[in-house]
Amino acid sequence: MAQLSQLTQYIESYVDSSRSSTQQAASVDAIAYLLKNDILTLETLVREMGMYLTTTDNIIRARGILLLAELLTRLASKPLDNVTIHSLISFFTDRLADWRALRGALLGCLALMKRKSNIGRVTDNDARAVAQAYLENVQVQSLGQHDRKLCFEILECLLDHYPESVASLGDDLVYGICGAIDGEKDPRCLMLTFHIVEILARLFPDPSGPLASFAGDLFDILGCYFPIHFTHPQGEDVDVKRDDLSRALMLAFSSTPLFEPFAIPLLLEKLSSSLPLAKVDSLKYLSNCLLKYGDDRMTKHVEAIWFSVKDAIFCSEQEPMLSLASELLDHVGFQENEIVTEAFILLQKVILENSGLSLSLIVGDKDINMIVNTVTSFRSYNDIPLQSKHKLCAIGRILYVSAKASITCCNRVFESFFFRLMDTLGLSVRNSSGDCLPNYDYVFSERLNFGALYLCSELLAACRDLVVGSEELKSKSVSAQESWCCMLHSFSCLLMKAFSSVLDASTDKDAYEADIYSGVKGLQILATFPGEFLPISKSIFENVLLTFISIIIEDFNKTLLWKLALKALKALSYNYIVVEKIVSLMFLDDFGLPFQLRLEAISDIGTTGLNVMLKIVQGLEDAIFANLSEVYVHGNLKSAKIAVQLLECYSNKLLPGIHGAGDFEDVLSRFAVNIWNQIENSMAFSVGAQENELLNATMTAMKLAVGSCSEGSQGKIIKKAYSVLSSCPSFTLKESMPITGTVQLEGLQHTQDLECFSCRDKWVISLFASAIIAVRPQTHIPNIRVVLHLFMTILLKGHVPAAQALGSMVNKLCPKSNGVEISSNCTLEDALDIIFNTSLWDSHNHGPLKRCSGIGVDNEMGLANLCLGAPNCQLLQVCAIEGLAWIGKGLLLRGHEKFKDITMIFLRCLLSSGGIDNLPLNHGSLENNQEQDVLPSVAKSAADAFHVLMSDSEICLNKKFHANIRPLYKQRFFSSVLPILVSSMAESRLSNTRSMLYRALAHVISDTPLIAVLSEAKKIIPILLDSLSVLSTYNLDKDILYSLLLVLSGILMDKNGQETVVENAHSIINCLIGLVGYPHMMVVRETAIQCLVAMSRLPHARIYPMRTQVLRSVQKALDDPKRAVRHEAVRCRQAWASIASRSLHF
């Protein structure tokens, strides 16, 4: 009884129209829950709702029926027996006559008819009864949009799921559908109506069936919607786009051949429309209808379609000929707009469907023949009139599409035009019988006819693409009797010479650009026929390759020709000729091809295939090691410069290609090991002036090569590297070393000076650090404790790669809790003990570090202490801070808690003695440090350490080098450090300290994802504005300033930050006004003005008082020396002047 009482309350809540929609939805959910879990049966529910379903109160009855229908939609997957379904569908069918409760009846019928057969489905007889009641009682167009949509969904469901049941209704069904869809305007409903027509055509395909009687009337209804003109209404949740509607209507148009007498004339008529949209749709619809209506019905329209297509192509407003900046050889011709593109698609389908008639029309077309005769009388492209250029390109594409359709079409086109073009070019002679034969005596001494050469290249492209694209031809060879093949074979040698002569005579002047495109394209086409269909001899193919290689080597001064030849060469199938010539570019010095162009050619060719890539890589490695040897032994400056370029090509061009091409691990491993072998065998280095640049390039190549190898290969590389490192006398590597201890450091008077190392030792430690940076977490590192001590020593000499290697090691080492066997006998905890608890100074050694530190003999100093405790030795502190920053980054990325201690060390360095005590510390090891004033260079390093922690590094600690990166680490760091920085700024009274705190905060904010910054927008914006003001006073902070300004720009553009922006509108505008005249960086001024434009869109009341100040500041920017700034200033003045008044005088 309690359940029934509760059910009654739910029903009353829904039926009561005064209740809120939320309450009504909750009632439906509650009842549906009871039904789904069998707490309540459907029979009980209907019994309890009896009064609500049959009452004479129209509102209550309508709400009751709608409730039952809503519940059935929620029970779509619940099994119901046939008796229940029959009773329910009969009830809702009867209710279709009750117009006051029609929505519930429609929804109930739809919910029941959509059910699947395995859970209980409406029978065919019941579906037919629904259809009859629907046709008799429902006046669709008199209903509201929601109810009309339900009506169309019912029709769609009946036609889709119960076709046999409704087919018996015949004419009544078609007539009813015509009446239902006539005059519909809602886009969501139209999508359904168009689909209904499509299904209806499938239901009655018989040309003498029910649909035939109403085909004209039905198409009259559809035709009024063409072309679709529909724009998405603002403020309405309509997910239907114009293209969706147009495609649905197109499918309805082509759904039955019965529409042909009405559709084709309409579409041809619309092709003459002045609206581009109507032309495009007409062409698309014609293409679709052509295939669906069949050749029997469409033959009589072929001629009209051809003339319409020709007019569309000739009359379109596309650029004539070439877009000379595109350099796309496969599309030499005009820049096709959408009309032309669709016209050619339609033309191709017409030819495929009715090749005989359509080709006769094309070949015999007077306009085409007249234009061919006219344009082929001009030798130069620039001599051809503009309109004729356009028509030449149009005819070229027409011939291409026609010849590419089939072998028969290709033969027909070749027979009609090829010999005419050969005659025009002078490449043929006629015998006594009038046959056209190759003129092998022709001397290429003058400029060839451009128009004829261009049309030849289009015909060649059609043949090539016909062979390549035909699935049928791939299993058998082309018959030598095919006329196009015979013609091409006969003239291939002359054509190759003709295209080559065009390139030989060309220069980089504009007058020759079209010739260059046409010549390169022609040669490329001749050489890209598949081997089994090759209509040219092997010698001609090799001559084409040699022609392109000759251009690469000798014609480098012809920029356009050189680039196009390289692109063409990349598209060809290579043989030993190309590979040998390209590899030789790395070694030959007897020609003038600039080395940078050589590398561009090598890298482009090297990434075209695995076999080619392997040979190119091997050749490149040989060249690298040959030049490195010259550098190591003789200090050859020229070899150093070459080696740098070779290594950059290897790293930036070939290695990415190798990484994505397949298994090249052996190649990469061999490269890294060979670098170590070469260093091992070179005991005396003499690098010279190019040392740093060459070392950096070698380190990058080492990292990328090691990072791409497996753990096994990496282990071999590291073993070899460690062996070379151990042989260096500068590095004392003891095989056993305690976890903590004292490291003796000599020569630390100049901590950033690595002169105490030989050139070779510097290379060894730098490359070793690079290899360590790139290894995988499970790769074995020999004597890892010794390596840790070594890197700690080296980083204090200002060696950043050592610090980065330490950061990578702590990021990848396994912790004890993992239970993983550690082959190196060093866990993450052991490594951290070594780093933070090893004393870097011995109290018994009164050496230089003691004198630097000024600390008594009873104190020992570790890395963390050095960051704070050596104020009289700034360089040592700076090195310690930089090293600790990279270690902290490695810990931060993996989410280790120790990074918090490192962060607090940096914060201590930022603060003067007045603010140190206020900082919380987590560990007592740092609490007893003496409070001392921080020097500016040290404070700056500490502030910049936050950039190291937060920024994405390309050189280490990234996914490419297998770093452990915890998701959302930036957001967590931002949330934890922001309150501390803010409170420190509030308590600091020293201007220098505050400026460094702002610098640190700027790094944190600018490197944090915008979504995290937006969540703290209310707190961030005032601080961000202060930071911008402080940083704008220093020239050296311009990059940080710009990064911070981009964050402000992101906040202004994001909807989630609008409320805070409005609250701080005046402060933001004042800050931006100050940056409009920032003298040190153009993009700062440009971005500040763009932000002011964004501010102009805020509520009028908030920004109106600031209009005068903004307009005055922007007025000055109108005279900015940079055009981009002036352009933005004009936009900003217009935006703010429209707020102030229509006049710009103020």
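Contact here means heavy atoms within 4.5 Å. The model is a predicted one, where local features need pLDDT of at least 70, side-chain atom pairs count only at pLDDT 80 or more, and totals for chains, interfaces and linings use all residues. Residues are numbered from 1 along each chain as its sequence is written, and side-chain values use heavy atoms, with hydrogens and water left out.

**View 1. Phenylalanine 253 and its neighbours in contact.** Skip the residues within four places in sequence, and phenylalanine 253 is in contact with Phe219, Leu222, Gly223, Phe226, Phe259, Ala263, Leu266, Leu267, Tyr285, Cys289 and Tyr293. One of these, Phe226, is joined to proline 227 by a cis peptide bond, with omega near -5°. You'll find proline 227 in the loop between helix 13 (210–223) and helix 14 (242–253). A word on naming: helices (H or I, at least four residues) and strands (E, at least two) are DSSP runs, numbered from the N terminus.

**View 2. The largest nonpolar core.** A nonpolar core is a set of buried Ala, Val, Leu, Ile, Met, Phe, Trp, Tyr and Cys residues joined through side-chain atoms within 4.5 Å. Buried means under 20% relative accessible area, exposed means over 50%, and partly exposed is in between (1.4 Å probe, protein chains only). This core has 415 residues, and Leu45, Phe253, Phe791 and Trp1136 touch the most other members. Helix 24 (residues 450–469) gives the largest share, 13 residues. The core lies between domain 1 (1–149) and domain 2 (294–429 + 446–489), because both give residues to it; the domain bounds come from an automatic or database domain assignment. In soluble globular proteins, nonpolar side chains tend to be buried together.

**View 3. Helix 54 and its buried face.** Look along helix 54 (residues 1107–1117) and pick out the buried residues: Val1110, Leu1111, Ser1113, Val1114 and Ala1117. Seen down the helix axis, they fall within an arc of 165°, so they line one face of the helix. That arc is taken from the directions from the helix axis to the C-beta atoms. Over on the other side of helix 54, Arg1112 and Lys1116 are exposed.

**View 4. Serine 358 in helix 20.** Serine 358 sits in helix 20 (residues 355–363) and is buried, at a relative accessible area of 4%. Its side chain reaches the backbone oxygen of asparagine 354 at 2.5 Å. Not counting residues up to four places away in sequence, serine 358 touches Val302, Val350 and Ile351.

**View 5. Leucine 614 in helix 31.** Find leucine 614 in helix 31 (residues 610–634), partly exposed with a relative accessible area of 30%. Setting aside neighbours within four places in sequence, leucine 614 is in contact with Phe664 and Val667.

Note on methods. A polar contact is a pair of N or O atoms within 3.5 Å; within protein, one must be able to donate a hydrogen and the other to accept it, and residues adjacent in sequence count only if both atoms are side-chain atoms.
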